[in-house]
Amino acid sequence: MSATWYECKVKYRKFDEASGTQKIKTEPFLVDAISYTEAESRITQEMAAYLPDSEEIKITNIKVANFAEIHPFENTDRWFKSRVSLIAFDEESGKERKTNLYLLVQANDVKEAYDNTVSTMKDTMGEYTIPAITESPIMDVFPYFTGEDEDMERLKAFVALKDSVPANHAMDEDLEMADVLATADEEE
């Protein structure tokens, strides 16, 4: 799945099973959103499902995550950040050029994360290497659409929001000519 992902750090009370007490934790989560404002709203909504009504959360940071793609896998419980280097041959200089991209892959251990990364890259036409895989601190990922029935309302709202943005990319020749003339007047 490919989208704009926001990493939201959330401070909240969490039950610590080891000690049997409530502890204040700050943990990162990923949400799929179209803006910082929506990311804040979505993480608040998603976290409310996991916490009692009396509990409050504090969002300490929101930033755009640098993941090219997110790949969940069944029967896994941790997230791993895989760095994939795409290899391209530059014919002009005669050198190989590497472009890095980061995938967030769900797995139970590093070996499984490597195998899952290879399986997601199997349809890639070019050459690539996987120079690094590290466990990510991401606790959970909240995609915008999961394909379930209750998402249909969210899908309709998303489409309505997207359609509300004007998408007229046609060039207005009168405005272009006015801009060229104004630039020419400024240069004189």
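The model is predicted, so to speak of local features a pLDDT of at least 70 is needed, side-chain atom pairs count only at pLDDT 80 or more, and totals for chains, interfaces and linings use all residues. Residues are numbered from 1 along each chain as its sequence is written, and side-chain values use heavy atoms, with hydrogens and water left out.

The chain holds 4 helices and 8 strands, which are DSSP runs numbered from the N terminus (helices H or I, at least four residues; strands E, at least two). From the N terminus on, their order is β-β-α-β-β-β-β-α-β-β-α-α.

| Property of the chain | Value |
|---|---|
| Buried residues (under 20% relative accessible area, 1.4 Å probe, protein chains only) | 27% of the 188 residues |

Strands pair if DSSP finds at least two bridges between them, and an open sheet of 4 strands has the order β3-β1-β2-β8, with mixed pairing. Its edge strands, each pairing on one side only, are β3 (58-64) and β8 (141-142). Strand β1 (residues 5-16) runs antiparallel to β3 and is joined to β3 by 6 bridges, and Glu7 stands opposite Lys63 in β3.

Helix α1 (residues 36-48) lies across β1, β2 (21-32), β3 and β8, and runs at about 135° to β3, where axes are lines fitted to C-alpha atoms, for helices over the stretch in contact (heavy atoms within 4.5 Å), and angles run from 0 to 180 degrees between N-to-C directions.

Key: Buried means under 20% relative accessible area, exposed over 50%, partly exposed in between (1.4 Å probe, protein chains only).
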